[in-house]
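Let's take a walk through this protein together, one side chain at a time. Have the sequence and the 3D view ready.

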Amino acid sequence: MNQAPEPTRQELDRLAGLTLLEFGASWCSHCRAAQPHIAAALKAHPQLRHIRIEDESGRPLGRSFGVKLWPTLVLMSDGVEKSRVVRPRGLAQIEALFAN
């Protein structure tokens, strides 16, 4: 399966509208546990652009956002970070992103 190339930081900073960035790793147990909650949040916000970024130590895109733990969800509006949640354990933590 071909995966789209990872966007650059400059491309993300130019995106219009709401975007949810999901930094994680396919082998990460915390990331896998969060998937049902992320899916529910995405279903509740169909207008939201979602970009999943496969991250690991030393990857420049994750480091540019200061990502240290996975999953880290970053909500951006018109290329500017509005809020983030690290290792969400439920839908309520993810929904809190939209309260700001």
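Start with W27, which is exposed, with a relative accessible area of 60%. Keep in mind that you're looking at a predicted model. Now find W70: this one is buried, at a relative accessible area of 14%.

What do these tryptophans have to do with each other? The structure holds 2 aromatic pairs, and W27 and W70 make up one of them: their ring centres are 5.4 Å apart, and because their planes meet at 80°, the pair counts as edge-to-face. W27 sits in the loop between β1 and α2 (29-44), while W70 is in the loop between α3 and β3, so the pair ties together parts that are 43 residues apart in sequence.

On to the phenylalanines, F23 and F65, which also pair up. Their ring centres are 5.4 Å apart too, but the planes are at 50°, so this pair is tilted. F23 belongs to strand β1 (residues 18-24) and F65 to the loop between α3 (60-64) and β3 (72-77), so here the linked parts are 42 residues apart in sequence. F23 is buried at 0% relative accessible area, and F65 is buried as well, at 6%.

Finally, have a look at C28 and C31. How many disulfides does the structure hold? The count is 0. The sulfur of C28 has its closest cysteine sulfur in C31, 3.1 Å away, which is too far for a bond because a disulfide needs the sulfurs within 2.5 Å. Both cysteines count as buried, C28 at 4% relative accessibility and C31 at 5%.

Terms used: Residues are numbered from 1 along each chain as its sequence is written. This is a predicted model: local features need pLDDT of at least 70, side-chain atom pairs count only at pLDDT 80 or more; totals for chains, interfaces and linings use all residues. Side-chain values use heavy atoms; hydrogens and water are left out. Buried means under 20% relative accessible area, exposed over 50%, partly exposed in between (1.4 Å probe, protein chains only). Rings of Phe, Tyr and Trp (its six-membered ring) pair if their centres lie within 6.5 Å; planes under 30 degrees apart count as stacked, over 60 as edge-to-face and the rest as tilted. Helices (H or I, at least four residues) and strands (E, at least two) are DSSP runs, numbered from the N terminus.
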